[in-house]
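Q: I'd like to learn how to read a structure like the one below. Could you take me through its features, giving the general idea and then the case at hand?

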Amino acid sequence: MTISADHTAREHAGPVPAEDALAEAAKKFGITAEDYMLPARHQIEMVDPEGRLKPEGEQGTEPGHEYPLPGDEELLAAYEQLVVGRRVNDQNSALVRQGRMAVYPSSHGQEACQVAAALCLSEGDWMFPTYRDAVAVMTRGVDPVQVMTIFRGDWHGGFDPLEHKVGIQCTPLTTQLLHAVGVAHAAKLRGEDTVVLAMCGDGATSEGDFHEALNFAAVFHLPVIFFVQNNKYAISVPLAHQSVAPSLAHKAVGYGMAGERVDGNDVVALLAVLDRAVKLAREGSGPLLVEANTYRMQAHTNADDDTRYRESAEVAEWRAKDPVNRMRAYLRDRGLLDDSVESRIAAHAEAVASQLREGLSEDVPVDPQELFRHVFAKTTPQLQEQSALLADELARDAASTEEAGK
C-alpha cells in the first residue's frame, strides 16, 4: 500500500507502460519490440574452445544483438582474474578437506561468468551474488579472506555490503533477486544512475521469487540485469527436469524485457554481452535477462557426490571447454600474453592463495554475547534476560573449571 501511494504522488517513479518502454528500447536498434526481447537465434560466442576468434558471421550476432570486441586491457585484466579465481577455487577446496572451512561451493569451470559479472560494473553499481559466487565478490574488490569468512561458519558475512556495493552471498535460492530489485527501485526513486546485477543459477529460475523479481523489475522499468549461470544442474536435478523452454533467456519475453544467451565459458563474449547490458540498463532501457551456458566441473559442495547423477563423459566434454585455457590460448595467439606476464599473474594467484591459507588458519575469538547484540537496534527485555542467563551459566562453568584445576 505504501509503494502504491508513493508512486501515485511521484509519477516520474511509477510504472512505465511495458509496450512504450519496449518500443523505445527497440527503436535504438531499428528492430521490433519482439526481436528486442527475444534472444538471438544462436548463443553469442566470440572465441571457440580452442581459443580462436570466430568469424563475425559465426558469433551468433544479428541486428539488435551485435557486440564489439572488448578492449585489450579489459581482456588482460579478465584473464588475470580468471587465473586467480581458478587458484582460489582449488585452494578453498583444499582448505575444506583440511577442516579450515566448513563448506565451499566451488565455481571451478564457471570462473568466466564470475569475472565478467564483476568487471562489467562501475564503482557505484551493486552486485547481489549467490553462495557459489565467491570469485565474483573477490573480483569486485573485497578482501579474499573476508569473502571466505562466511564459509568458515562465522556468524557474519565477513565484509560490509554497503562499503563494497555487494550483497552478502545468499544461500536460500533466489531471495537475493528480490533484494536486488529493491535496491534498483530505491536508486530509481532517488534519481541515481545505479545499475544492479543479480546473479542466480538455473535452479533459481524454478523458484517463485524469480517470477516476482523479474515481474516487478519489468513493470517498474528498473535498471537490473538478471544474470543466470546455467550450469546444467540444480544440485542433482538436470535442467531438462526444470524447464522445457527453448532457453532460460527466452523467459525474458514473458516479463516484457530483453533476453540474451551467451557462452558462459567465453569471457570475451561474456564481457561484450554484459558490458552492453549494463550500458542499456544505465541508459534507461529497463531490466535485462542474460543466460550464460556453463558447467559446474566439481561437486555441488564438498557434501555432494556428483557421480550419482552425472556421467564422467559429460564432465570430460566440458573440461575441453575450460574458460581459463580458452582465454590463455586466445591472448597468446593475439600476442597479448607472454611468459613474463604469465609468471607475474601466476605469482599474484599464489599470493592470494597464501593469504587465504594464513587468514583462514587464524583462531577467531568467540564471544557468545554477540548472539544478542545485533538482533535489534534496541535490545528487548527478553533478549536482556536471555543474555543474563547465558552470562550466569558461563560464569558458573568458568568457576567449576577453575575449582577442578586446583
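Q: What volume does the largest pocket have?

A: Rolling a probe the size of a water molecule over the atoms shows where empty space is left. In this predicted model, the largest pocket comes out at about 280 Å³.

Q: Which residues lie nearest the centre of that pocket?

A: Look for Y131, R132, L173, G201 and H300, which sit nearest the centre among the 22 residues lining the largest pocket. As for elements, β2 and β4 (233-234) are the ones that give two or more residues to this lining.

Q: How does the lining of the largest pocket divide by class?

A: You get nine nonpolar, 10 polar and three charged residues around the largest pocket.

Q: What lines the second largest pocket?

A: This pocket has a volume of about 190 Å³. Its lining includes D154, W155 and H156, along with V364, P365, V366, D367, P368, E370 and L371. By class, that makes six nonpolar, one polar and three charged residues.

Q: Now for cavities. How many of 30 Å³ or more does the structure hold?

A: A cavity is a space where the probe fits but cannot get out, while a pocket is open. The structure holds two cavities of 30 Å³ or more, and the largest cavity contains about 90 Å³ of space. There are 13 residues in the lining of the largest cavity, and Y67, A258, E260, R276 and L288 are the closest to its centre.

Q: Which elements give two or more residues to the lining of the largest cavity?

A: They are β6 (258-263), α12 (267-283) and β7 (288-293). Helix α12 gives the largest share of that lining, with four residues. If you sort the lining of the largest cavity by class, there are nine nonpolar, two polar and two charged residues.

Q: Let's go back to β2. Why is strand β2 described as largely enclosed by the rest of the structure?

A: The term to know here is buried, which stands for under 20% relative accessible area. Strand β2 covers residues 196-201, and five of these six are buried, so the rest of the structure largely encloses the strand.

Q: Which strands are joined to β2 by bridges?

A: Strand β1 (residues 126-128) is joined to β2 by three bridges, and the two run parallel. To find your place in that pairing, look for F128, which stands opposite A198 in β2. Strand β3 (residues 224-230) also runs parallel to β2, and six bridges join the two.

Q: What unit do β2, helix α10 and β3 make?

A: They make a right-handed β-α-β unit, with helix α10 spanning residues 208-219.

Q: On to charges. How many salt bridges does a search of the whole structure find?

A: Side chains of opposite charge can pair when their charged atoms come close. The search turns up 22 salt bridges here. One of them pairs D72 with R334, whose closest N and O atoms are 2.7 Å apart. D72 lies in helix α4 (residues 72-97) and R334 in helix α14 (residues 323-334), so this pair ties together parts that are 262 residues apart in sequence.

Q: Are D72 and R334 buried or partly exposed?

A: D72 is partly exposed, at 32% relative accessible area, and R334 is partly exposed too, at 35%.

Q: Where do D322 and R86 lie?

A: The side chains of D322 and R86 meet in a salt bridge at 2.9 Å, N to O. D322 is in the loop between α13 (312-319) and α14, and R86 is in helix α4, so the pair ties together parts 236 residues apart in sequence. D322 is buried at 10% relative accessibility, and R86 is buried at 14%.

Q: What about R282 and D125: how far apart are their closest N and O atoms?

A: They are 2.7 Å apart, in another salt bridge. R282 is in helix α12 and D125 in the loop between α5 (111-119) and β1, so to speak distant parts of the chain, 157 residues apart. The accessibility values are 28% for R282, which counts as partly exposed, and 1% for D125, which is buried.

Q: Which residues do salt bridges with shared partners join into one network?

A: The network is made up of R328, R332, D339 and E342.

Methods
Residues are numbered from 1 along each chain as its sequence is written. This is a predicted model: local features need pLDDT of at least 70, side-chain atom pairs count only at pLDDT 80 or more; totals for chains, interfaces and linings use all residues. Side-chain values use heavy atoms; hydrogens and water are left out. On a 1 Å grid over the protein atoms alone, a cavity is a set of points where a 1.4 Å probe fits but cannot get out, and a pocket is an open set with protein on both sides within 12 Å along at least five of seven lines; lining residues have an atom within 4 Å of a point. Grid points are joined across faces, edges and corners, and a volume is the space filled by probe spheres set on the points. Ala, Val, Leu, Ile, Met, Phe, Trp, Tyr, Cys and Pro count as nonpolar, Asp, Glu, Lys and Arg as charged, and the others, Gly among them, as polar. Buried means under 20% relative accessible area, exposed over 50%, partly exposed in between (1.4 Å probe, protein chains only). Two strands pair if DSSP finds at least two bridges between them. A crossover is right-handed if, with the strands pointing away from the viewer, the path from the first strand over the helix to the second runs clockwise. A salt bridge is a side-chain nitrogen of Lys or Arg within 4 Å of a carboxyl oxygen of Asp or Glu.
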